[in-house]
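Open the model in your viewer and keep the selection tool handy. We will go from stop to stop, selecting a few residues each time and looking at what is around them.

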Amino acid sequence: MLSESQLAVIKQTVPILQEHGETLTRHFYQRMFRENPEVLAFFNPAHQHAGTQQRALAGAICAYAQHIETPEVLADAVELIAQKHASLQILAEHYPIVGANLLAAIQEVLGEGATDAVIDAWGAAYGVLADILIAREEQIYADQQKAHGWKGFKRFVVARREAASDNIVSFYLRPEDGEPLHAALPGQYLTLRVAPDGSEPVMRNYSLSGQPDPDLYRISVKKEEGNGAEQPAGVVSAYLHEQIGEGDVVELAPPCGEFTLQPAPADDIPLVLIAGGVGITPLMAMLHGALAQQAGREVILIQCARNGAEQPFVEELNSLKGMHDNLRTHVRLSEARAGDEGFDSEGFVDGALLDELVGNRRAQYYFCGPAPMMRMVNQLLVSRGVDDADIHFEFFGPKEDMAA
């Protein structure tokens, strides 16, 4: 519980955080990785390099400071963070490391502005937030161990691998011990742990992309080629594409994630899934889930890809259309090539397409894909007056970047 004086100090620091937030978080990460290199495995270097991790943390700190007296407003953000932490197996013992480095970074960046009162208030505020997250994460860990779940990382065998497109490969993963699988919610992801070329183990999150199966999980991984210094190639995705085949073993943590298919408000409210590139992976799981669990509900899938070669799950989607009269798909290519077949239109998602497929009906929208596409779709839905409760997305980085 924060005192009145501590609350006042936290609120007074909001303008300072808004001005210096990214400088502070950048310094914080540099300091923590230097002083506590044991935490490096929890972080994706590509996100650090791009600055998205720093911006996300700066935004989270500012939001926490602004709502310090009404933390319930941040319930969705807390759930997102807790799920991500649980996916990486972050434990209560890691929180003091973060707290010590955060307070030290505040002192080093703010200098004379980091008075004893400021450090005391932020130390107390961090403790309150840490307690909230630790409690929620312990609950997630407990739930993961129910009904064929497990704790920590478990060995899985690659039962099958197959190309989903020219740049995406699907891996079908079976528990090495032969036990049944913990049921995942459509939209959740797994954390995969591997040691490329004998290096230190690294972790990456990959969405489950298949229909529920008591024996197998499916993930579908795009090989991230990179484009030079600004965007380095993906170390783990390249390792999976080039070196992991049938019979190989990887380690998985239990399913996590808050971006999940919600119950239909009513049967006459369509479900609209808008996918860009490999962003279709969580939406494929949602598509399978909706067709199985929400029979009779109209489901509209808008699949965006650069060209036909990079359009994943073509045969699977055609098969689903043949089995379900309530499923309608529309494939839109942004850079269609001569010889591309089976697509419906060219360009990007726009109002005219939504007018054609949805009209002025209320619908629930779920979307995932490259950041520019997601910003465009989000702005489009907002401009059409779609209620916030009907807009669902998975986006890495500060949420305010969706409006950029």
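Select Leu271 and Val299 to begin: Leu271 stands opposite Val299 in strand 8. Helices (H or I, at least four residues) and strands (E, at least two) are DSSP runs, numbered from the N terminus. This is a predicted model, in which local features need pLDDT of at least 70 and side-chain atom pairs count only at pLDDT 80 or more, while totals for chains, interfaces and linings use all residues. Residues are numbered from 1 along each chain as its sequence is written, and side-chain values use heavy atoms, with hydrogens and water left out.

**Stop 1: strand 8 and its sheet**

Now colour strand 7 (residues 271-276) together with strand 8; they run parallel and are joined by six bridges. Two strands count as paired if DSSP finds at least two bridges between them.

Is strand 8 enclosed or open? Seven of its seven residues are buried, so strand 8 is largely enclosed by the rest of the structure. Buried means under 20% relative accessible area, exposed means over 50%, and partly exposed lies in between (1.4 Å probe, protein chains only). Show the side chains of strand 8: Val299, Leu301, Gln303 and Ala305 point one way, Ile300, Ile302 and Cys304 the other way, and all are buried.

**Stop 2**

Follow the chain on to Phe313, in the loop between strand 8 and helix 10. Phe313 is buried, with a relative accessible area of 5%. Leaving aside neighbours within four places in sequence, the contacts of Phe313 (heavy atoms within 4.5 Å) include Ser209, Arg218, Ser220 and Met284.

Next, select Thr281 in helix 9 (residues 280-293). How far apart are Phe313 and Thr281 in sequence and in space? They are 32 residues apart in sequence and 9.5 Å apart in space, C-alpha to C-alpha. Thr281 is also buried, at 6% relative accessible area. Not counting residues up to four places away in sequence, Thr281 touches Ser207, Leu208, Ser209 and Ser220.

**Stop 2: strand 6**

Select strand 6 (residues 249-256): six of its eight residues are buried, so strand 6 is largely enclosed by the rest of the structure. Strand 1 (residues 154-163) pairs with strand 6 in the antiparallel sense over four bridges. Strand 3 (residues 189-194) also pairs with strand 6, antiparallel and over four bridges. Click on Glu251 in strand 6: Glu251 is the bridge partner of Arg155, and Arg193 stands opposite Glu251 too.

**Stop 3: a pocket**

Show Arg160, Glu162, Tyr172, Arg218 and Glu316, which lie nearest the centre of the second largest pocket among its 16 lining residues. On a 1 Å grid over the protein atoms alone, a pocket is an open set of points with protein on both sides within 12 Å along at least five of seven lines, a cavity is a set where a 1.4 Å probe fits but cannot get out, and lining residues have an atom within 4 Å of a point. Strand 1, strand 5 (217-222) and helix 10 (314-323) each supply at least two residues of this pocket's lining.

**Stop 5**

Finish with Met32, Ile106 and Trp122, which touch the most other members of the largest nonpolar core, a set of 47 residues. Such a core is a set of buried Ala, Val, Leu, Ile, Met, Phe, Trp, Tyr and Cys residues joined through side-chain atoms within 4.5 Å. Helix 7 (116-144) is one of the elements that each supply at least two residues of this core, and helix 7 gives the most, with 11 residues.
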